[in-house]
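Keep the sequence and the structure in view while reading.

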Amino acid sequence: FYDEIGTPLLSDIRVDYSEDNVEQVTQNFFPNYFNGSEIIIAGKLINHTSDSLHVEVTASNSKKYILLKKDVAIDLPSRNDIRGVPGLEDGRGDNNYIERAWSYLTIKELLNSRLKSDDNQEKDYLMEKAKSMALAYNFVTPFTVLKMKEAGLHSEPPQEEFISPSTDGIGEKLQSLQGHKAPPGMREKQPCGGKKNLFTIADGDPHFVIDFPSSKLSVCFNIDGEPGDILRLVSDHKESGVTVNGQLIGAPAPPNGHKKHRTYFSTITILSNKPERSYLEITPKRIILDDGERLLLSCGRSAAVRSSSLEVSISANSNVTVTIRDTISFVILIHHYKKPAPYQRNHLGFYISNSKGLSSDSHGLLGQFLNHEVKLLQESLNTTHLQVGQNQTEALNPKPTNTLSVKGRLVPVVWKQRRIYNGQKEVDCWFAKNNADKLIDGNYKDYLASHPFDTGTSFGTINSL
């Protein structure tokens, strides 16, 4: 017994169903869940034609708030026959095991409610209701008698001595289900204030797109790395304490392509050391969260986990939103292929949706552009330069004569389109060739991390969290 209660895992566990789909649900709130214990809930389906049931589970421990969502498939009645009549005469009750489990739990709750009540009239009502259900479903209670038959003879033992049922683990029975209401403290995802970089991304092969709102420009580039390379996307360990690294996986190039192979992000690692150490390791299948305690989450289930400085929200098989101290937000898209071609791999896309909390000294392949602007220059026939705006770019001749001015460097660019959000959206951008030569500080090999948890404190240096 001590081995079980000595390992508490969760507290305040609540299981909710859609109000219009269920009725007569037994206890759905439990104060504690221990290692080795179990939670059983039974109820009746209202909609017999539905093929799934939406379930939401909320719980917490000393540091986290957890929300899990799942659509549970409902068996066809022919495969899960629970329509047998109550009672056990002639063995007909054998098919009614789920309904009997529901009645057993309900009787137990009625008896515990009677013990807690100070109203004599209510006590009598609860006793009669429990007794009626016990007789209907053939359960022995302190208010019923068991009759035994054997070889035509029967004995009638005296009524059992009343023993107070234990209330341990019963908790509070909530009288109404909340359906899909957000649990206390959870808020709907709204765009955060501050600097918004909705198109500052690294996705696909990988394709990088940097949005410069004040210049009305989007700039893009590719990094032709090697499988196994770990690219530092955001490096702000010294100031905000945040680092983001992405590890590449390889795939054969498409037929007649100019590349020797393709690369995609197979793992995104997000590290933070302020105000306390934590990290996230995200793959297309699972997420590891470690902020002093290790938590493993599946990308196939919607869930939300919140600690004092970190919030992770999972939309099943779609995306993961990571919010740090309410001032930094990253969105990781999960790309799954049902029937992948040889040159396709399940992979991740990385999007910066709020960079307010990142410092002006941020670096990395994406981070270095969050606090800088670029200018687009066009060479005229007499080689003079003319600054242009976004509304003029469509009329420009898309040849390498177009040039970007970045931190005093001149970068030849061409006009291209990039598909983002898993190919659902096209972005027009100025493309810098040759692994973003002159566009980024140094060259792309300066952004290779030694391992997924490398938190280089400044450009070209290496450290570990």
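A residue is called buried when its relative accessible area is under 20%.

## Overall make-up

The model is predicted. By that cut-off, 44% of the 465 residues in the protein chain are buried. The chain contains five helices and 27 strands.

Of the contacts in the protein chain between residues at least 6 apart in sequence, 53% join residues at least 24 apart.

## Confidence

The protein chain has a mean pLDDT of 77, with 75% of its residues at 70 or more. Among its elements, strand β12 (residues 230-236) has the highest mean pLDDT, 95, while strand β8 (residues 153-155) has the lowest, 41.

Residues 84-94 have a pLDDT below 50, and this stretch has 20 contacts in the model beyond near neighbours in sequence. The pLDDT is also below 50 over residues 380-400, where the model has 34 contacts beyond near neighbours in sequence.

## Helix α2

Helix α2 covers residues 97-116, which is 20 residues.

Which residues of α2 are buried? They are Arg100, Trp102, Ser103, Leu105, Thr106, Ile107, Glu109, Leu110, Leu111, Asn112 and Arg114. The buried residues of α2 pack against α3 (120-137). An α-helix has 3.6 residues a turn, so residues three or four places apart point the same way.

Methods:
Residues numbered from 1 in each chain as written. Predicted model: local features only at pLDDT ≥ 70, side-chain atom pairs only at ≥ 80, totals over all residues. Heavy atoms only, no water. pLDDT = per-residue confidence, 0-100. Helix = DSSP H or I, 4+ residues; strand = E, 2+ residues; numbered from the N terminus. Contact = heavy atoms within 4.5 Å. Expected span 1.5 Å × (residues − 1). Buried < 20%, exposed > 50% of the residue type's maximum accessible area, 1.4 Å probe, protein only.
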